[in-house]
Amino acid sequence: MQLRYAMTGVAVVLSLAGCQRTAYDNASYSSPAPLTAQPVPSVQGGQLPPPAGASQFPAAPTAAPATPGQPGAMAANALDVTKESMVGSWRVNGSCDMFLTLTNLGSGSRGGTRGCVGELTAMGSWEVAGKQVLLKDRSGNPIGSVYKTADNSFSGQTSTGQPITLSR
């Protein structure tokens, strides 16, 4: 029995011997030597040459793109759409996601995008107006519209004329 106590005592002493407090003496450490400054070449100034082949601004477009909400912005073969059929997740242009809910937000319903670029990043709400679905920013300003072309398929454009396709 005493041998067991002796072995336990030896094990405790050996384990405590491995637990030493390590303290660093600040005097033994020195800060690294400062780096030497590198020479910097002089900066040159002057007028840049004009871009090659672009001496004038491009010509202004002759026809303005149709704005969302105008009857001309929608195809003549647009199908009827209901608010309830729009709720859920949509794939936008095959590259990002749009989520539409029935939660009220201003005059429309809450919506948003994930992974989209351009105007669609500002989308905050949406609403159905006739055969169109109006997409709006967080302030309620129209940023685009789409119309139903087939079951689970919509086409349209942003207010700057970029094409939008929604699919499930």
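These legends describe close-up views of a predicted model. Local features need pLDDT of at least 70, side-chain atom pairs count only at pLDDT 80 or more, and totals for chains, interfaces and linings use all residues. Residues are numbered from 1 along each chain as its sequence is written, and side-chain values use heavy atoms, with hydrogens and water left out.

**View 1. T158 in strand β7.** The strand covers residues 153-158 (a DSSP run of E, at least two residues, numbered from the N terminus). T158 counts as buried because its relative accessibility is 4% (buried is under 20% relative accessible area, exposed over 50%, partly exposed in between; 1.4 Å probe, protein chains only). Beyond four places in sequence, T158 is in contact with E119, I143, G144 and I164 (heavy atoms within 4.5 Å).

**View 2. Helix α1, residues 2-17.** The helix (a DSSP run of H or I, at least four residues) has 16 residues. From first C-alpha to last, α1 reaches 22 Å, close to the expected 22 Å (1.5 Å times one less than its number of residues). The number of buried residues in α1 is 0, so the helix lies largely in the open.

**View 3. N93 in the loop between β1 (88-92) and β2 (96-105).** Phi of N93 is near 50°, a positive value in a residue other than glycine. N93 counts as partly exposed, at 38% relative accessibility.

**View 4. N152 in the loop between β6 (142-150) and β7.** Phi of N152 is near 60°, again positive in a non-glycine residue. Its relative accessible area is 41%, so N152 is partly exposed.
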